[in-house]
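Please open the structure in a viewer and keep the selection tool at hand. The stops below proceed one selection at a time.

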Amino acid sequence: MHKLSLDRILQSQGFGTRKWCRELIEDGEVSIAGEVITDYRTVVDTGNLAFTLFDELWTYREHIYVALNKPANFECSRKPSHHPGVLSLLPEQFTWREVQPVGRLDHDTTGMLLMSDDGAFIHAQSSPKRHVPKLYVATTQEPVTPELIEKMLAGVKLHDEPAPLVALTCRGLDAHQLEIVLEQGKYHQVKRMLAAAGNHCTALRRTAIGGLTLDALDLEEGEWCYLNQLQLALLA
Ligand code: URA
């Protein structure tokens, strides 16, 4: 059982500074199970807690784990420079909670992006020691050939990598589309591997991480969802 005062709870959920959260409570904007609570010192059990703020129902979450179907022209960096940041696609309080992307997708890459405010989770997911397969669908400028697939599977040498990088699996989907599974997450890896193999990637979409597929999440581009324990277990 984890008990906290209501102002601390609101602050932990990203609704602003402690002072601001106290004001919200005193103004009668917060209720629990239909009862408006105006004393911010009220101690509440966070287990299975749901509360209403500005008439919207929220569930208390110690940490946030979400999957976003990233559209093109959004940047994953914390300080985006040329395009809006992916955080602008999530509720504002996630920024207060310091939710961050788990790894990076290029600004023009679409598809599954995990985001969280759990540092240990982000660290574990991003560790190079972790071999979680990531599935990409790449559109190519030149036609897909058996030689291209062979090269991707045999390994291609990138100028700043000591050893050739290999695709775990690689298969043609149509004349200009490839499905590629990678275990590493090097900078621009798919695009650079395709370039080194003599083609050019014109569009890239990440469709799965581990056993978690974008199809199963059923998200439109720009939509996101919370991930439950079962879905998180598929990332292992
Ligand atoms: N490989 C790339 O080239 N870009 C991405 O965004 C992800 C993998």
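The model shown here is predicted. Begin by selecting helix α6, residues 189-196. With 3 residues, helix α6 gives the most to the shell around the ligand.

Next, select the whole of that shell: Leu 105, Asp 106, Thr 109, Tyr 136, His 188, Gln 189, Val 190, Lys 191 and Leu 204. Coloured by class, the shell shows 4 nonpolar, 3 polar and 2 charged residues.

At Asp 106, a polar side-chain atom lies 2.7 Å from a nitrogen atom of the ligand. At Thr 109, an N or O atom of the side chain is 2.9 Å from an oxygen atom of the ligand. At Val 190, select the backbone instead: one of its polar atoms is 3.1 Å from a nitrogen atom of the ligand. How much of the ligand does the protein bury? Taken alone, the ligand exposes 240 Å², and the protein buries 96% of that. If pockets are displayed, the ligand will be found in the largest pocket.

Finally, widen the view to the protein chain and colour it by domain. The domain assignment gives domain 1 (3-59), domain 2 (65-127 + 219-233) and domain 3 (134-209). Which domains each supply at least three residues to the shell around the ligand? They are domain 2 and domain 3. To conclude, select domain 1 together with domain 3: their centres, taken over C-alpha atoms, are separated by 49 Å.

Key:
Residues are numbered from 1 along each chain as its sequence is written. This is a predicted model: local features need pLDDT of at least 70, side-chain atom pairs count only at pLDDT 80 or more; totals for chains, interfaces and linings use all residues. Side-chain values use heavy atoms; hydrogens and water are left out. A residue is near a molecule or strand if one of its heavy atoms lies within 4 Å of it. A polar contact is a pair of N or O atoms within 3.5 Å; within protein, one must be able to donate a hydrogen and the other to accept it, and residues adjacent in sequence count only if both atoms are side-chain atoms. Accessible areas come from the Shrake-Rupley method with a 1.4 Å probe; for residues, only the protein chains shown count as cover. On a 1 Å grid over the protein atoms alone, a cavity is a set of points where a 1.4 Å probe fits but cannot get out, and a pocket is an open set with protein on both sides within 12 Å along at least five of seven lines; lining residues have an atom within 4 Å of a point. A molecule sits in a cavity or pocket if more than half of its atoms lie within 2 Å of its grid points. Helices (H or I, at least four residues) and strands (E, at least two) are DSSP runs, numbered from the N terminus. Ala, Val, Leu, Ile, Met, Phe, Trp, Tyr, Cys and Pro count as nonpolar, Asp, Glu, Lys and Arg as charged, and the others, Gly among them, as polar. Domain bounds come from an automatic or database domain assignment.
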